[in-house]
There are 2 protein chains.
Amino acid sequence: MTRADLRIDIVRLLARLDRLAEVGAIEGGGNARLALSDQDRDGRDLVIGWMRDLGLAVTVDAIGNVFGRRRGRHDSAPLMTGSHIDTVRTGGRYDGNYGVLAGLEVVEVLNQAAIETERPIIIAFFTNEEGARFHPDMMGSLVYVGGLPLDEALAAKGIDGKTVGDELRRIGYAGPEPVGRPDLHRFVELHIEQGPVLDREGVTIGAVDSLQGISWTEFTLKGTPNHAGTTPMRLRHDAGYVAASLTTFVRRLANEFGGNQVGTVGSIKLFPDLINVIPNKAVVAVDLRNTDEAKLKEAEGRVAAFIGETAKAEGCTVEWRRLARFEPVIFDAGMVATIERTAKDLGFSVRRMTSGAGHDAQMMQRVAPTAMIFVPSVGGISHNVREFTKPEDLEAGANVLLQVMLELAG
Amino acid sequence: MTRADLRIDIVRLLARLDRLAEVGAIEGGGNARLALSDQDRDGRDLVIGWMRDLGLAVTVDAIGNVFGRRRGRHDSAPLMTGSHIDTVRTGGRYDGNYGVLAGLEVVEVLNQAAIETERPIIIAFFTNEEGARFHPDMMGSLVYVGGLPLDEALAAKGIDGKTVGDELRRIGYAGPEPVGRPDLHRFVELHIEQGPVLDREGVTIGAVDSLQGISWTEFTLKGTPNHAGTTPMRLRHDAGYVAASLTTFVRRLANEFGGNQVGTVGSIKLFPDLINVIPNKAVVAVDLRNTDEAKLKEAEGRVAAFIGETAKAEGCTVEWRRLARFEPVIFDAGMVATIERTAKDLGFSVRRMTSGAGHDAQMMQRVAPTAMIFVPSVGGISHNVREFTKPEDLEAGANVLLQVMLELAG
């Protein structure tokens, strides 16, 4: 049996996915393991237990990233794979978890075949990829590659007012390893697509060659909280109306730009949020994404101009803060070619594609040649308990990962 | 000194307003005494103490309405005045409280002058006028006049999931008096305008001859919670977008109708309310008001048609429930004339006007000739800690109430 004949064990991989999904389980089969919550801690403990069972040397760094290292024949720059195990509040069981646990499955296959790779292999999971509790998202990988000072990340306050630093200490994951620019050979991340492209086209493997730029902005609008019955329409300063206008504008803008442009308002909060009081305050979050940095900048400018004009006309004030901003990322051409060729060799349909979601891989591209492997999400549904990828697709993706890693680790 | 020379004591009235405003005080000088909360209970206890100090016989009915009765020469149908002492979450200190405490001030003037009126006088405050915790608003007066069965009102669930019945018992205000159609001679309610008309025109007294019809509807929109980055615009089923479109439509509709039509969206809740998840659910509340019932019905129909079309185009479902619906009210012509004449006799500027807000008086008109006295709200601001009426206007309104009550009680 040659290396090329090795295959992952899908039953074993599904069993680990099922077991991890029991931690922070929510109705409908999904997960709520917000970063650095008790549930996240329990998930971390579970995965680290598996890492140790597989003989990996586990280290935790100062931002809580976890690394399980398998020795290579030489102590050269390691090949790393990994993803994240935190989830949004209404998360599915595949997002992130699949990439981490498929990495463990690769290790188990190598262990059983008693294969020693030339380079060390690291299976990683990064802190707070989702950004559902703390901003910015992809925090752990960003700090890891030196893109965000550690002390800034530790001081970040969550939606519940607690800081990353305090919560890391509370759950016991403020590790001793320093963060900073690591010396890596390559990074490859296996992930569900979280979009409808592969599923709709019936393609099994995505060789991800780029990633959309992301712009998250929070606008705070302030008006006057008058009585809904007695205040004539022309005398209103309605912060909620401005927030709603912005929401419909973002839709019009995305449709007008077309192409890869998407725009979403996922969060609106009105104050005092009472049926008969004109809102005096609204907090609204805008998510803009494009693979073209110039277009993304233009969209940001159009949103800023619209909110300025609309608020002024309504007699409201605007404050804004950038919650996250990442330029589009182009992945390593050689890595993408390797993934594409490997998928074909294994007999899977494959296409090159862009990622619409942010991933830890976009940070890793700053320090090492990087690319991603996608498998289909049924209906394109993600961040939802109905998130689903067929077992045969999970198996295909993990086998591509296995063979890519065998090639890259030597 | 004749009856016509009697005047209220503004210092005493202001002192009671100040003291009541200390209960459930919030930053900026306002009040939060949501109906049947601990703060509401403390406010009730305080006002009932004053009623007893003034020699009133206090009774509490099964929906928690409180009545302080002053004997008349005859045991004939009483003259009632009153309002409410519950507030919205960000309430001012005058809304409701002013009418109740001015009633107590009238009693104190009569007591000091040793005046015995022909008819008994009742100073009342009604449960849950605001509707900020329990729907419908004006609940206590509605039950009192027989417009809502007691058991339905007691079963109403608040924003915190607790019922009116449980909360009445908890705070000790589930009284022994039965509710039902009372035998009243007249009802008069003194209130701040809560709108900008008197203040802008420099008029001291409003003789309120009608009240806008009110329509409150809550729409629940359901879509699909996809990932904000990976879901192409054309494949979205965004419940938040539909809610925002409705909000801007309500504004356009009110502007198009003009006249007395107002329309407000004061409450929008998105789920899961995360920046990077397309909302799969939105709950949005629409407040429509008009003095013309036909116009109000037309506005309701237009809103229903719009939300139906917009949700369908977005692939979302709509459910709706009516939270409150009151037809416009025409107050008693003789009462309005009495208020107008009394204000003129006292040397105050006066105008007839419509109330844009709902008041307990609109319920009382069903069982007794009723009208309202308004005083100016500076800037038209209400339901806000900045709510303010000048002491001289508070004094003027209370003196009009005193003289109107003297005339009506005989």
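**Exercise 1. The nonpolar core**

Among the 249 residues of the largest nonpolar core, A:Leu401, A:Met405, B:Leu401 and B:Met405 touch the most other members. Such a core is a set of buried Ala, Val, Leu, Ile, Met, Phe, Trp, Tyr and Cys residues joined through C-beta atoms within 7 Å. The model is predicted: local features need pLDDT of at least 70, side-chain atom pairs count only at pLDDT 80 or more, and totals for chains, interfaces and linings use all residues. Residues are numbered from 1 along each chain as its sequence is written, while chains are lettered from A and ligands numbered from 1 in the order in which they are written.

Task: State which residues A:Met405 touches, not counting residues up to four places away in sequence.

Solution: Contact requires C-beta atoms, placed from the backbone, within 7 Å. On that criterion, A:Met405 touches A:Leu79, A:Thr81, A:Val106, A:Ile121 and A:Val188.

**Exercise 2. Strand 6 of chain A**

Task: Determine which way the residues of strand 6 of chain A point, and in what sense strand 4 of chain A pairs with strand 6.

Solution: Strands are DSSP runs (E, at least two residues), and helices are runs of H or I with at least four, numbered from the N terminus.

1. A residue is buried if 20 or more other C-beta atoms lie within 10 Å of its own, exposed if 12 or fewer, and partly exposed in between, with C-beta atoms placed from the backbone. In strand 6 (residues 121-125), five of its five residues are buried.
2. A:Ile121, A:Ile123 and A:Phe125 point one way, A:Ile122 and A:Ala124 the other way.
3. Pairing requires at least two DSSP bridges. Strand 4 (residues 66-70) pairs with strand 6 in the antiparallel sense over five bridges, and A:Val66 has A:Phe125 as its bridge partner.
4. Strand 5 (residues 79-83) runs parallel to strand 6, joined by five bridges; here A:Leu79 is partnered by A:Ile121.

**Exercise 3. Two chains**

Task: Identify the rotation that superposes chain B on chain A, and the element giving the largest share of the side of chain B that touches chain A.

Solution: 

1. Superposition is by least squares on C-alpha atoms of residues with pLDDT of at least 70 in both copies. The rotation is 180°, with 0.0 Å of shift along its axis and an RMSD of 0.1 Å. That is the relation of a two-fold axis.
2. The C-alpha of chain B nearest the axis belongs to B:Ala244, 2.2 Å from it.
3. In the interface, 56 residues of chain B contact 55 residues of chain A. Helix 8 of chain B gives the largest share of its side, nine residues.

How values were computed:
Two residues are in contact if their C-beta atoms, placed from the backbone, lie within 7 Å.
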